[in-house]
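Thanks, I will keep this short.

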Amino acid sequence: MARRGVLAGAVAVAAATAAGCSVPDRPRLEKSADPAPGRPVSYGGRALLMQFAAHPDDDLYFMNPDAQRLLDAGVPLVSVYVTAGEHTGKNWIKGMPETPPDRAAYSSARHQGLRQAYAEALGADRFTPWQKRITGLAGGRRAEVDTLAYGGRRVELVFLNLPMHTSRRYMALPALWEDRALDVRTHLSADSPVTRSDTYDHDGLTEVLAGLLATYRPTVVHTLDPDPDIQHSDAATSKRDSEQPGYSDHGDHTAVACFTWAALLRRVADATAAGEPVPAFTTTSFRGYYNRHWPKNLPPTVLAEKAAHLVPYGGDPSWECGNPSGCGDYGVGGDRPLTNRKGWVRSTHYRWPAQGPAVAGGPDGRLDAYGVLGLRAVRWRETAPGSGRFGAPEDLGGGPLAPALGRAVLRDGRVLLFAVRFAALAGRGGPNRRELVVLEQRSPGGPFLAWRGLGNPERSDDRGRRIGAPVAVTAPDGRVHLFVRDADKGVATRVRAADGAWGPWRALPPQGELQDGLTALTDAAGRVHLLAAGRDAVRHWIDGSPAAPLPLAGDPVAAVPAADGVQVFYRRPAESRLRTTTGTAPAFDGYGLLSATPGPLLVGRDLHHHVQLHRDGRTHTRTKGPAPVGDPVPHEGAAIGLGADARPWFWRP
């Protein structure tokens with residue numbers, strides 16, 4: 001561990017960790033591409049999933065089952081682990097003899113656990129040998145890469161092996177994000193082909209991650225949560241729950257997510273500065289220890305499969321895996337993920353949940369689909385009315401954007417798009433800021449005006465980072481109602497008048513703490529309804545005033561207008577069965593986000609992650625076509641979604 005400057009302030013850095021990801025000090029912004037529209041966008045590349053984790057097992061706990069489903073569909077997977085996962089060096093469970101801590105061996109055992117888990121994920125024997133090699137990284141650094149190809153599918157594991165702690169026991173990655181004068185030396189894992197330590201500073205890690213993105217050119221990127229919820233716990237509770245003080249996640253998770261997003265910004269900036277097209281990748285950020293604090297959303301069959309992938313990772317000291325340092329992370333073996341009181345494995349939540357792409361019909365009968373590629377808004381246009389095929393993406397700029405787009409259609413047919421923009425992402429004492437932005441169409445089906453900032457309902461940068469995915473709806477009187485989850489886990493709203501003027505941000509009357517993933521719609525009487533899943537009920541507002549609560553749901557709900565208001569479709573926590581507040585719900589077992597349009601037409605995922613659609617009394621399942629990413633939307637008897645190849649797909653049973 002080396003320092004180019006004095007250690008003053010390191011204690012404060014460690015206490016704040018990366019939850020703020022900034023300390024008021026000299027600002028220095030991560031470079032990003034020019035947000036102006038009109039750049040070429042990469043098109044036609046092969047699908048590849050790349051995920052970035054702080055520790056071995058973060059992907060298994062928080063990014064599954066999504067990663068497994070893409071792997072099942074044949075999408076190659078590259079998983080990057082930033083720390084060595086060495087922790088205290090103790091890999092011990094009851095019944096084992098006491099041995100001295102050995103960080104090199106524990107790191108190696110966790111890496112072996114990952115090889116075992118992903119071998120089984122590919123359908124191979126858990127002890128199948130992997131190919132190990134050394135790869136060169138930016139700045140002359142090196143990393144171990146383990147590769148296994150089996151049954152026509154492929155997984156690569158990249159181990160950067162940064163330490164979890166500094167020599168003074170500070171958490172290394174949060175300090176590295178914050179501190180402009182800190183160097184860390186990589187950890188050497190036992191049984192690794194890498195036998196020389198490298199040095200990383202803030203820029204070095206960002207550069208390495210951006211270089212890996214440039215090398216592998218993923219179409220799907222999975223990250224951890226850069227902006228975890230505020231969590232008011234006392235110091236003892238935070239320590240017991242492995243959470244950073246004041247926030248609902250581990251400090252390493254937040255720091256690695258911030259570094260990953262900084263690398264994504266740099267990757268796009270470097271590509272466009274070199275005259276290349278905007279890289280075509282979608283991004284999903286996954287909640288981490290957030291899962292402990294909310295109703296669980298995985299039904300038993302999905303949970304059992306997710307937890308089963310942690311069994312070979314955890315391994316057992318009796319296994320003969322061929323790795324002298326150990327055969328897994330023993331404290332995670334067996335049924336321990338399911339019996340752990342923290343319950344992390346029992347949910348999978350997105351940081352910015354939203355169905356997509358956003359869809360609108362044009363004046364010529366063709367569909368326009370809107371999404372985020374390369375951190376920028378894009379539009380795909382249907383090649384001909386009713387063809388179900390979309391052309392190349394058109395760059396609408398605006399980046400760097402979070403992956404969720406909100407959409408509203410004005411009475412004259414023009415489209416408004418809403419997004420959360422990373423207005424600053426600096427680290428090293430610089431600003432870290434989010435803002436809401438809007439893009440307004442100039443004419444129906446036509447070009448757009450310039451992006452416009454809508455500010456943030458929160459007054460500080462730290463609180464402003466906690467805002468959720470924007471949702472919007474146009475009322476019959478022409479006003480557009482925009483809603484976002486705020487830092488207090490309530491709802492903030494801003495209204496656009498029919499003449500285009502925006503009112504101020506204001507808070508809706510509180511109804512307790514809410515999950516992100518809001519649902520907004522109007523009923524037959526023109527009233528605006530907002531629904532949000534809370535801790536003990538689904539909360540409901542009508543024209544901004546609280547209405548009677550609805551039964552508890554584990555995920556965001558779907559709704560359609562009904563004779564006396566709205567009909568809501570939901571699933572109870574840890575259940576697969578669909579329920580409704582009016583009449584009888586169709587047989588539509590599954591999990592995850594739901595979408596609905598009048599009819600009703602329902603779209604969602606079944607228990608095997610296949611897209612399913614219910615209309616006219618029948619449920620249909622999509623079993624062909626590109627592997628879906630995220631949650632599709634219904635449109636006039638069909639479903640539209642985004643594939644792992646970063647292209648939209650259209651499915652009409």
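Start with Tyr-350, which is buried at a relative accessible area of 13%; buried here means under 20%, exposed over 50% and partly exposed in between, with a 1.4 Å probe and protein chains only. Before going on, the basis: this is a predicted model, where local features need pLDDT of at least 70 and side-chain atom pairs count only at pLDDT 80 or more, while totals for chains, interfaces and linings use all residues. Residues are numbered from 1 along each chain as its sequence is written, and side-chain values use heavy atoms, with hydrogens and water left out.

Tyr-350 is in the loop between α11 (336–339) and β10 (358–361). Helices (H or I, at least four residues) and strands (E, at least two) are DSSP runs, numbered from the N terminus. What does Tyr-350 touch, not counting residues up to four places away in sequence? Asp-66, Thr-284, Ser-285, Phe-286, Arg-287, Arg-605 and Asp-631, with contact meaning heavy atoms within 4.5 Å.

One of those residues, Arg-605, has its charged end over the ring of Tyr-591, 5.0 Å from the centre. The rule is NZ of Lys or CZ of Arg within 6 Å of the ring centre and within 35 degrees of the ring normal. Arg-622 likewise lies over the face of Trp-649, 3.9 Å from the ring centre.

Now ring against ring. Rings of Phe, Tyr and Trp (its six-membered ring) pair if their centres lie within 6.5 Å; planes under 30 degrees apart are stacked, over 60 edge-to-face, and the rest tilted. That gives 14 aromatic pairs. Among them, Trp-177 and Phe-259 are edge-to-face, 5.0 Å centre to centre with 90° between the planes. Trp-177 is in helix α5 (residues 172–178) and Phe-259 in helix α8 (residues 251–273), so this pair ties together parts 82 residues apart in sequence. Both Trp-177 and Phe-259 are buried. Tyr-61, Phe-62, Tyr-289 and Trp-344 form one aromatic cluster.

Last, the packing on α8. Helix α6 (residues 202–216) packs on α8 at about 60°, with the axes 8 Å apart. Axes are lines fitted to C-alpha atoms, for helices over the stretch in contact, and angles run from 0 to 180 degrees between N-to-C directions. The α6 side of the contact includes Leu-205, Leu-209 and Leu-213. On the α8 side, Phe-259 is one of the contacting residues, and Phe-259 is also the ring paired with Trp-177.
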